Amino acid sequence: MIRYKSNLIILMVSRVVSPFIMLFALYVIFHGHYSAGGGFQGGTIMAASLLLMRLAAGREIAQLQFRTILGTPLGSIGVLIYFGTGFMAMLAGGEFLNYGFLPFAGFQAAELRSLGILMVEIGVGLAVMAILVAIYDDLLEGYPHD
Amino acid sequence: MITDILGIASAIAGAFFLLTGGIGLIRFPDFYSRNHATGKSDTLGIMLVIFGLMLIEGFTLNSAKLLFALIFVFLTNPAGTHALVNAALHSGLKPWFRKDKRKGEGSCTGK
């Protein structure tokens, strides 16, 4: 097998472009209420940014950015945020994921629904990002890399 | 009015370069020359199309978004072409050479 040496041009371009991809992912997540996008799409773009650094710089250097061991816990935390929002609304008297019943004081019903959708989308985005990076790392497990 | 005409002319020029890249992709013999054709002319074509759209749109927020798209196409399209060609070269793909019998055993047979 040919040893892979990281290429300087690709590494520099990836270093320049990767933060902008992350910024666009946050834009997609936080504009999911009232325009195109949402949690799943934003999480996928965020995972693309992390995987770009993994492909360009190699696995060991990319561990500084997002460690392999973080994949499963962050995915679980994202699912917990999603489930906790829905369950909080259910405890406060409504149905599961009925955002109008969320127990936050000082909000109108419409603002409360907007906030609930934002919380759910943050959870979904976190889960999708962590799980996609974890899938990539699991596929490379045992592969003879340098 | 004059910016509309300039924008349409720029978009048509970009479409011409995109067509050239597509013809090169079909007609060229091997991986490296095909990548050469699409990498260069597609970058220029997409940049000209986006620049023409910016001229038509005027000085607005959408024009700023198109400017960002132009900057990122300018950065990433040649880098992607470079990554493809670099990976092909590392995995041992030989470039294509014309098999010219008159020169005999020349140095550029590619074997």
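With 9 C-beta neighbours inside 10 Å, A:Ser35 counts as exposed; the scale here calls a residue buried if 20 or more other C-beta atoms lie within 10 Å of its own, exposed if 12 or fewer, and partly exposed in between, with C-beta atoms placed from the backbone. A:Ser35 sits in the loop between α1 and α2 of chain A. Its C-alpha atom is separated by 34 Å from that of A:Leu139, 104 residues away along the chain.

A word on the ground rules. This is a predicted model, so local features need pLDDT of at least 70 and side-chain atom pairs count only at pLDDT 80 or more, while totals for chains, interfaces and linings use all residues. Residues are numbered from 1 along each chain as its sequence is written, and chains are lettered from A and ligands numbered from 1 in the order in which they are written.

Chain A has five helices and zero strands, running α-α-α-α-α from the N terminus on. These elements are DSSP runs numbered from the N terminus, with helices being H or I over at least four residues and strands being E over at least two. The C-alpha trace of chain A spans about 60 × 30 × 20 Å along its principal axes. Buried residues make up 29% of the 146 residues in chain A. Of its contacts with a separation of 6 or more, 66% are between residues 24 or more positions apart; a contact means that the C-beta atoms of two residues, placed from the backbone, lie within 7 Å.

Moving into the helices of chain A, α1 (residues 8-30) has 23 residues and reaches 34 Å from its first C-alpha to its last, close to the 33 Å expected at 1.5 Å a residue. The expected span is 1.5 Å times one less than the number of residues. Still, α1(A) has a kink of about 30° at A:Val17, shortly before the proline A:Pro19; the bend is the angle between axes fitted to the seven residues ending at a residue and the seven starting there. Buried in α1(A) are A:Val13, A:Ser14, A:Ala25, A:Val28 and A:Ile29. Their cover comes from both chains, including α2 (39-57) and α5 (109-139) of chain A together with α3 (61-90) of chain B.

Further along, helix α4 (residues 71-91) of chain A holds A:Tyr82. This tyrosine counts as buried because 20 other C-beta atoms lie within 10 Å. Leaving out residues up to four places away in sequence, A:Tyr82 touches A:Val120, A:Gly123 and A:Val124. By contrast, A:Ala48 is 34 residues from A:Tyr82 in sequence and 22 Å from it in space, C-alpha to C-alpha.

The loop between α4 and α5 of chain A contains A:Leu97. Most residues other than glycine have a negative phi. A:Leu97, though, has a positive phi, near 65°. It counts as partly exposed, with 17 C-beta neighbours inside 10 Å.

Chain B has three helices and zero strands, in the order α-α-α from the N terminus on. Of its 111 residues, 14% count as buried. Among its contacts between residues at least 6 apart in sequence, 62% join residues at least 24 apart.

As for the interface, nine residues of chain B are in contact with seven residues of chain A. The chain B side divides into four nonpolar, five polar and no charged residues, where Ala, Val, Leu, Ile, Met, Phe, Trp, Tyr, Cys and Pro count as nonpolar, Asp, Glu, Lys and Arg as charged, and the others, Gly among them, as polar.

On confidence, the model scores ipTM 0.73 and pTM 0.81. Chain B averages a pLDDT of 88, with 89% of the residues scoring at least 70; pLDDT is the predictor's confidence in each residue, from 0 to 100. Among the elements of chain B, α3(B) has the lowest mean pLDDT (92) and helix α1 (residues 2-27) the highest (94). Over residues 106-111 of chain B the pLDDT is below 50, and this stretch has six contacts in the model beyond near neighbours in sequence.
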